[in-house]
Every structure is written in structure tokens, then in C-alpha cells.
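Work through the two exercises below. Each has a task and a stepwise solution.

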Amino acid sequence: MAGSGRSERAWVRGAQAGSVSDLEALFRAHWPRAFRAAYLVTHDAAAAEDIAQEAFLAAIRSLHRFDRRRPFAPWLHRIVVNRAIDWARARTLRGEVELHDVPGADAPEPGDAARLAAAIAALPPEQRAVIVLRHLLEYTPGEIAELLELPRGTVNSRLRRGLDALRERP
Amino acid sequence: MRRELERIEIPGEHDARERAWALVQTAYAQREPAERPLRLLRPVLVTAAFAALVGVAFTPPGRAVVERVREAIGVENAEESLFSLPGGRLLVASDGGAWIVQADGGKRRLGAYDEASWSPFGRFVIAARDDELAALALDGDVRWKLSRPAVRLPRWGGSRTDTRVAYLSGRELRVVAGDGDGDRRLAASVEPVAPSWRPATFHFLAYVARGRVIVADAESGRRSWSQPARNAVRLEWSRDGELLLVQGRRSLRVFDASGRLRYDLLVGDAAPVTAAAFSPSGRGVAFAQKARGRAHLWVIPRLRPDASAAREVFSGPGTFTGVAWSPNERWLLAAWREADQWLFAPSTGRRRVRAVANVTRQFDSRSFPELEGWCCA
């Protein structure tokens, strides 16, 4: 849960001034979505934890020069999603297959949420990222283009192809 | 799609968060602070003060001092959690989100919203956070939402068949239909006071701009009337739509539907007013003031020009930040910030005051939650 603009600015100011409680408020407000975004792009809980942790550590290192007039979330999400894309690309190249990707004979029928997660995992990392940024983190295509430093047309076509693929899932 | 994505289960999510927090906290402690001399000094002072307080608390006389302090702020034997309401449902906003409290004391979190208010008949909630306005069912399901910059102070008005939502986007007052269509600007440069719909209409809306309370036709934009209202902080129509309560920093005025001043409830040098509310019938007003560090809860059961009917219901150290009437008008709820308690006081008669403690914790909040409304009979 992200705080209101006012409370978030107060947390950043407090964290910059040395307040652990304000830092914790900032962390707890932003961790859930950062972690979930990383998971949806990587489809790997351990990788998502590492990536989200690293994003927050990067935030700590840069905190003293963060302009608190800007919202905190886009800054954090840019780090999370870009690192998640990098991880997912590298994994694709390695050709890994997780054990849970191989259905067992007694595996229970996955629910809707699990099917959606699997369908997203089947997309190329770049499409996963724009879908997560658009539909989980609720950025506009223009904001996504800025976050990922891509042309807006590229964002739109990745979104369209990704959503088309998800709609066709069984 | 967002809800579906949020429902995807991630293995070990909770543990991952706590591990990450431990790491982040360590990294934060090890970083180079920007202004070392000041930051070192402040913790030493705080530690010394805390040690003194703890030292006092552990001696028998010290324990007595602490007990007296605890008694002085808050009602003794307050309930540790809210077991029941005397009817209706409460809407609460905290930095832990927006919540509904049911009559049996059960709570449901609607989502990560900063502000919320009831629809006219309590079947929905309109909520706001950052750049989003959302209409919610009572289970938190989003019925529709709008993106606008700096959304604040949403209010939902209208009849059973047609409703409108008014809200602030920055300094603009905007109106949208109850189904989320037709969003448009009604007024610019308004003050940050929640607008108030005249009940049972989706036409007349009261708001504050340039030091005046203005009642306008929200369809045409035409002003019906306006009156000076410097430092107005809250507007509320009575349920029958005949009276408008304007709460100022040190004033409480009641206007009739044509804009004539009917009651000026406080004299010129009154103590600051921290909360006020019409009774459900519209015949009475409850309000809170703060004077010399003490909060006072008053009730005027029947409005009269000389306000001589005002009766003090309760007082204690601190501030009552919100006041609400129960739907059956028999109880008043005062939000007591310094005590971190909700106080339920009878609006008439001599029934015992009840209190609920630890309100902040019960709503997963860091600051004292806001009462956003007590609905419905």
C-alpha cells in the first residue's frame, strides 16, 4: 500500500533525516508491489526477493539526493522492473526449466490466479514487464515508455501482443 | 486485471518481506549520515528523557505517577477492541487504508485509500488516494475509478435513482455521475473543504471558495447563494436539506436553504472548534472544542437561536478530532486522539460512557484514524 503524496513526502523527509520508523513506513508501503512486480516478471520468488531487496538497497544509497517532490514509486519500480527483465532474459538464455513447470500426475488443477501467473510467465520478459507496469502498477503507456526508456509505440505494441496472448490462454 | 494480479499467490511472501526489511534496516544504519553532529545529539537527548521516564515508572511512587497520567488521558477500563456498535456502520480512514466497521464490531478493509465517504444510502463508498477516485462496493470491489491529479475530499449525493459525486482535483471542484460518467469541472480555485450535497438532490452543492460558502446548481453551475465564511473547515447539510452547518475554526453557523443565517451558535471569542455534526434528524448539533489543553464534547439537542440548550457531555485532556451521531441518534462518537480512544457517549440521559482503546493499532495505522461517517439506520 502506498501512502498519500503528503505522507510519503513526510516519510522520505524523515528517512533522509535519520528516522528508522519513516524508512520502515516507506518500505512497508512500497515493498508489496515492488516484490509482486518482480515476481510477475521473473516468475521466481527467490529472484524476486533479491531484485526487490536490491532496489531498496539502491534507494538507501541514493536517499540523500532523492528529490522528495517527486513520487517515490516510479523511481523504485524502474529499478525493480529493469533488473527483473535482465534476470528473466538471462534465465531464458540459460534454458532453465523449473520442477514446477513439469506437471505431476497428481498435481491439483490450478486456480485462475495460478493460470494467469503461468500465462504471464510464458510471455517474453519484455511483454511481462509492460503488462505488470500497466495492470499491476497502473502506469500509463507514456509513463511506462519513460520508465523503460522506450518509444511509446513499442510499449503499446508489447502491451497489445501480451494481452492478446493472455486472452488466448485456455 | 489488477485484482487478478494481486490475487496471485507468491510463495514465502511474508518471510521475504521481513528478511528484506532486516537487510534494509542494517544497510540504513551503516550508511553515512548527511549531518552527523545534529543527528548524534538528538538521539542522546531522547534516550536520556526516556531513561528518566522509565526510572520513574519502576519505583512505587513513580508507578503511581504513571498510573495517574494514564488515567488522565482516556477512559479507564476502555474496551481493548471494538466489540459492537450501537447500530449502523462506521467508515474509517487511516494510513492503513479505508475500513468499514460493522455493527458487530467486525472490520473490513476496503483498500489503500486515504479518504472515503458514504454514498447517500450507504450501499457504496467513494474513496480517494493520490491521483485516483474510486467507487467501491462494501466488500471493497471497485465499481469504477477515475484518474485525476491530487484527488481529495470526495462526496456522494443524490436520490435513489440518480446520484453524483463531487470531489476536489487539486484546486478544482469536479462532479461526475454516480456511475463514473460525465466527469467535468464545476469550479476553479476552491478551498480544501469537502463539498456537501443538499440531500435528496443531485443538484445543489455547497462548497467553499475565496472565503465564501457557495451553494450552486451542479448541473448548470449557476450560484444559488453565497455567504462569507472565512476559515470554514467543514460543511454539512441536515438530512432534510433545510439547514447547512458551516464549521469555522472558532465558529458554528447554520444557514437555511435560501442562505439566511439562522443560528450563530458560538460567541465571538469562542475556543477552537475541532469537530461538529448535525444529528440525523437535523434538529440537533454535537460539537467539540479545545480550551486550555482540554477537549470538550457538547450537544445541542434542539437548535435554538441563543444556543442555551448546549450541554457538556464529556471532557478530557487532548483533542476530539471527530464527532459522529449514531443513526438512531442515541449515541455520540468522539474520536479522542491523545487517548487513542473512541468514546461512545449517550446523547441524552445518564447512561454510562463507553470507550474503545488502541484505535490506531486496530486499523493498522501509524496515526490516529479519521472518522468518515456513521451510517445507516
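A salt bridge is a side-chain nitrogen of Lys or Arg within 4 Å of a carboxyl oxygen of Asp or Glu. This is a predicted model: local features need pLDDT of at least 70, side-chain atom pairs count only at pLDDT 80 or more, and totals for chains, interfaces and linings use all residues. Residues are numbered from 1 along each chain as its sequence is written, chains are lettered from A and ligands numbered from 1 in the order in which they are written, and side-chain values use heavy atoms, with hydrogens and water left out.

**Exercise 1.** Describe the interface of chain B and chain A.

Step 1. Count the salt bridges: the rule finds six across this interface. One pairs B:E6 with A:R33, with the closest N and O atoms 3.3 Å apart.

Step 2. Count residues. Contact (heavy atoms within 4.5 Å) involves 35 residues from chain B and 41 residues from chain A.

Step 3. Take the area. Buried area is the accessible area (1.4 Å probe) that two parts lose on being put together, summed over both. Here it is about 3,500 Å², and carbon and sulfur atoms give 64% of that. In chain B, B:L5, B:W21 and B:Y28 lose the most area to chain A, together 20% of what that side buries.

**Exercise 2.** Is B:R174 buried or exposed?

Step 1. Apply the cut-offs: buried means under 20% relative accessible area, exposed over 50%, partly exposed in between (1.4 Å probe, protein chains only).

Step 2. B:R174 has 12% relative accessibility, so B:R174 counts as buried.

Step 3. List partners. Beyond its neighbours within four places in sequence, B:R174 is in contact with residues including B:R148, B:Y167 and B:D183.
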